[in-house]
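Morning, everyone. One chain today, a few minutes. Let me put it on the screen.

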Amino acid sequence: MSDHSTEPEEKGFFEKVKETIESLWEGTKDKAEDVKEVAEEKFEDIKDKVTAKKATATQKAAATKKTVIKKADEVTAKAKTEVADVKAKAETKAKAITAKVKEDAAAAKKVVADVKAKAATKAKAVTAKAKTEATEAKKAVASKTAKAATTVKKKAVTASK
């Protein structure tokens with residue numbers, strides 16, 4: 001008899017494990033290639049969508065920028081108009097105030113001139129009256145002095161006799 005059996009040889013444990021790993025590896029490789037292809041397709045789709053959205057966003061940003069610039073220009077123009085109006089009103093008010101001050105100064109000068117004229121007239125009148133009174137007083141004193149001198153002379157003549 002022979003030591004060899006007629007049945008097919010059984011594979012060993014490690015060979016079975018090795019074959020299982022190889023089959024798993026092959027399946028994994030195929031699956032990895034499929035996943036890679038699908039990922040590349042997805043990447044291209046997403047890239048196209050992002051590019052389209054980026055262009056839309058850029059257009060929207062440009063439109064928004066134009067709107068903001070337009071509004072800023074409008075606000076600036078409005079502010080300039082307001083400033084011009086305020087300046088014009090201020091100048092008008094200043095001119096009115098200056099004119100009123102000039103009128104008030106002229107009126108004050110007129111009042112001062114009137115008061116001076118009245119004071120001068122009054123002073124002349126008082127001076128004239130004082131001169132008249134002084135003259136009258138001198139005449140009265142002179143006549144009294146003359147009378148007294150005459151009386152003294154008479155008394156002196158009478159006393160000498």
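Start with overall dimensions. A compact globule of 161 residues would have a radius of gyration near 15 Å, yet this protein chain has 67 Å. That radius is taken over C-alpha atoms, and the globule rule is 2.2 Å times the number of residues to the power 0.38. Along the principal axes, the C-alpha atoms fill a box of roughly 230 × 40 × 10 Å.

Some ground rules. This is a predicted model: local features need pLDDT of at least 70, side-chain atom pairs count only at pLDDT 80 or more, and totals for chains, interfaces and linings use all residues. Residues are numbered from 1 along each chain as its sequence is written, and side-chain values use heavy atoms, with hydrogens and water left out.

Next, secondary structure. Helix α1 covers residues 13-160.

Two distances give the scale. Thr127 and Ile69 are 58 residues apart in sequence, and 85 Å apart C-alpha to C-alpha. Ala134 and Asp30 are 104 residues apart in sequence, and 149 Å apart in space, again C-alpha to C-alpha. Thr127 sits in helix α1.

Now accessibility. Buried residues make up 0% of the 161. Buried means under 20% relative accessible area, exposed means over 50%, and partly exposed is in between, with a 1.4 Å probe and protein chains only. Thr127 counts as partly exposed, because its relative accessibility is 41%. Ala134 is partly exposed too, at 37%. The chain's accessible surface comes to about 15500 Å², and 63% of that belongs to carbon and sulfur atoms. Areas come from Shrake-Rupley with a 1.4 Å probe; for residues, only the protein chains shown count as cover.

Last stop, the aromatics. How many aromatic pairs does a search of the whole structure find? One. Phe13 and Phe14 form that pair, edge-to-face, 5.5 Å centre to centre with 75° between the planes. Ring centres must lie within 6.5 Å; planes under 30 degrees apart are stacked, over 60 edge-to-face, the rest tilted. Both Phe13 and Phe14 are exposed. For Phe14, the relative accessible area is 68%.

Conventions. Helix = DSSP H or I, 4+ residues; strand = E, 2+ residues; numbered from the N terminus. Phe/Tyr/Trp six-rings, centres within 6.5 Å; stacked < 30°, edge-to-face > 60°.
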